[in-house]
Amino acid sequence: VARRVVGTTKEFPAGSRRIVDVDGIAIGVFNVAGTFYAVLNRCPHQGAPLCAGVVSSSLESSEPGEYVVAGRHPVLRCPWHGWEFDLSTGRSWWDPAKSRVRVYSVHTEAAATFPVWVEGEVVVLDTATKRGADS
Amino acid sequence: MDIIDCDLHAGAGGPESLRPYLSEHWWNYGKQGAYRAIGYPGTTHTRQFVHGARVDSWPPDGGLPASDFAFLQEHHLDRWNIAAAMLTPMEAAYLPRNADYARALCAALNEWQCEQLIDRDARLGGSLMVVAEDADAAEAEIRKWAGDARFRQVLIYSRTSEPLGRRRYWRMFAAAAEAGLPVGVHFGLCGGGAVTGHGKPSFYVEDHTNMSTTFQDQVTSMVCEGVFAEFPNLRVVLIEGGLGWLTPLMWRLDRAWKLLRAEVPHLRELPSTVVRKHFWLTTQPIEEPPTAHAFDAMIEEMGMDRRIMFSTDYPHWDFDAPSHALPKTLSPDLRRRIFADNARALYGFSDPSQER
């Protein structure tokens, strides 16, 4: 099944994450300040459990001495070596074209569209759909 | 796959675990502040990982990484099916200036390794911690433990206060050679030397990159000062400096020797011959050239297939994973040597396949 409910929104408060097993594949689902992201739990560098890493903002600079916290997408920093990945696109900071981690489409919707076992909204992971570049 | 890890930082996890091995005086002295030196928080650079550790290496008991013995076994030794591992305690890497306390701390770490780690898990081999800067203490500690099979090498840190070939360090080498123990030199700043010959850089990324340069200085010094002419049985292991830098250094040494050898007549062989005979290297943090071909060429040019030994550096953030650190293009023979055979031959770990 490509589309599956991985929890209720109450189970995914902002700042939380969970590793879910989808047919033997570990995928990390993150709620970062209300936006959901889903990433394969495996770093392309040395195979680390990527989703155990720290979520932070990307730091940019146009000259020595300048430190700008970029307000774009959050980045996931690998728990072993610190490689940074854009949580939204899966692209790495150091080589966005070639070094990337698989990301999945994830969204919330009214629980009523599923067999109703909760009120409110559920978090739906869709492993068949590529995450849109603008999401 | 048969794996021996030549750099495992099992940790004391804080001063309490060393208390049984320190006198009342040194325990109290430590509590007054010297324990800040244990656990290495006081380094000059902020690292992007707390305690310099993998984010996933913090044990469930809330202690410091690699300090929970059961978690260390499960999370590292069992996880990778590691046959044997060399302990490389870092608690002595930031030894205080007080020589008597430094001596007591090394002695405590040695007893602690035996009782709390090696005696509880036969996979573990000990590193006999000594104070490189204090010849009396180093010599005494090596003699005290000589013949105890739990210790498989003497261990010091790379950033000595003078180049390691200088004669002030020879009594330590003599004692190690006499005890039949290799001398491991792990990256670290025990003697307080800056990571570069020009002082201390601003950023940790520089410190980390320059790890290899401290080893280059030490190889040049030990070879040129004649350490191996004096101690022909001495074996030295360079731990946590990678290895890609060694080949060009050997080229430079050989060239210089042809021009200048009269200055150092005790250097009777090509420096590269001396290096290949006396030095072992551990892999982590391994160089990652852009192609596997470049990596293979690097190893081939070294000509040290029986000297390279795999290491992980667990639980530190720059850990090398057994599954990914070396390219798949290495020949099966060389993989076997790097991952286990070379370490087994040097450190004398038993070979389970020979024990039936």
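How do strand β7 and β8 of chain B pair, and over how many bridges? Strand β7 of chain B, residues 279–282, pairs with β8(B) in the parallel sense, over two bridges. Two strands pair if DSSP finds at least two bridges between them.

## About the model

This is a predicted model: local features need pLDDT of at least 70, side-chain atom pairs count only at pLDDT 80 or more, and totals for chains, interfaces and linings use all residues. Residues are numbered from 1 along each chain as its sequence is written, chains are lettered from A and ligands numbered from 1 in the order in which they are written, and side-chain values use heavy atoms, with hydrogens and water left out.

Helices (H or I, at least four residues) and strands (E, at least two) are DSSP runs, numbered from the N terminus.

## The sheet of chain B

Chain B has an open sheet of eight strands. The order is β1-β2-β3-β4-β5-β6-β7-β8, with parallel pairing. β1 (3–8) and β8 (308–309) of chain B stand at the edges. Each has a single partner strand, so one side of each has no neighbour in the sheet.

Helix α5 of chain B spans residues 170–179. Its buried residues are B:W170, B:M172, B:F173, B:A175 and B:A176. Buried means under 20% relative accessible area, exposed over 50%, and partly exposed in between (1.4 Å probe, protein chains only). These residues pack against α4 (135–145), β4, β5 (183–186), α7 (211–225) and α8 (227–230) of chain B. Just after α5(B), B:G180 takes a positive phi of about 75°.

B:E240 lies in the loop between β6 (236–239) and α9 (246–260) of chain B. At 5% relative accessibility, B:E240 is buried. Its side chain makes a polar contact with the side chain of B:H186, at 3.0 Å. A polar contact is a pair of N or O atoms within 3.5 Å; within protein, one must be able to donate a hydrogen and the other to accept it, and residues adjacent in sequence count only if both atoms are side-chain atoms. B:E240 also touches other residues, including B:D7, B:H9 and B:D318.

## The sheet of chain A

Chain A has an open sheet of three strands, in the order β5-β8-β9, with antiparallel pairing. The edge strands are β5 (54–56) and β9 (84–86) of chain A. Strand β8 of chain A (residues 75–77) pairs with β9(A) over three bridges. There, A:L76 stands opposite A:F85.

## Cysteines

Over all chains, the count of disulfides is zero. A disulfide is a pair of cysteine sulfur atoms within 2.5 Å. The sulfur of A:C51 is 9.7 Å from the closest cysteine sulfur, in A:C78, too far for a bond. B:C114 has its closest cysteine sulfur 14 Å away, in B:C106, again too far.

Definitions and conventions: Contact means heavy atoms within 4.5 Å. Lists of a residue's contacts leave out its neighbours within four places in sequence.
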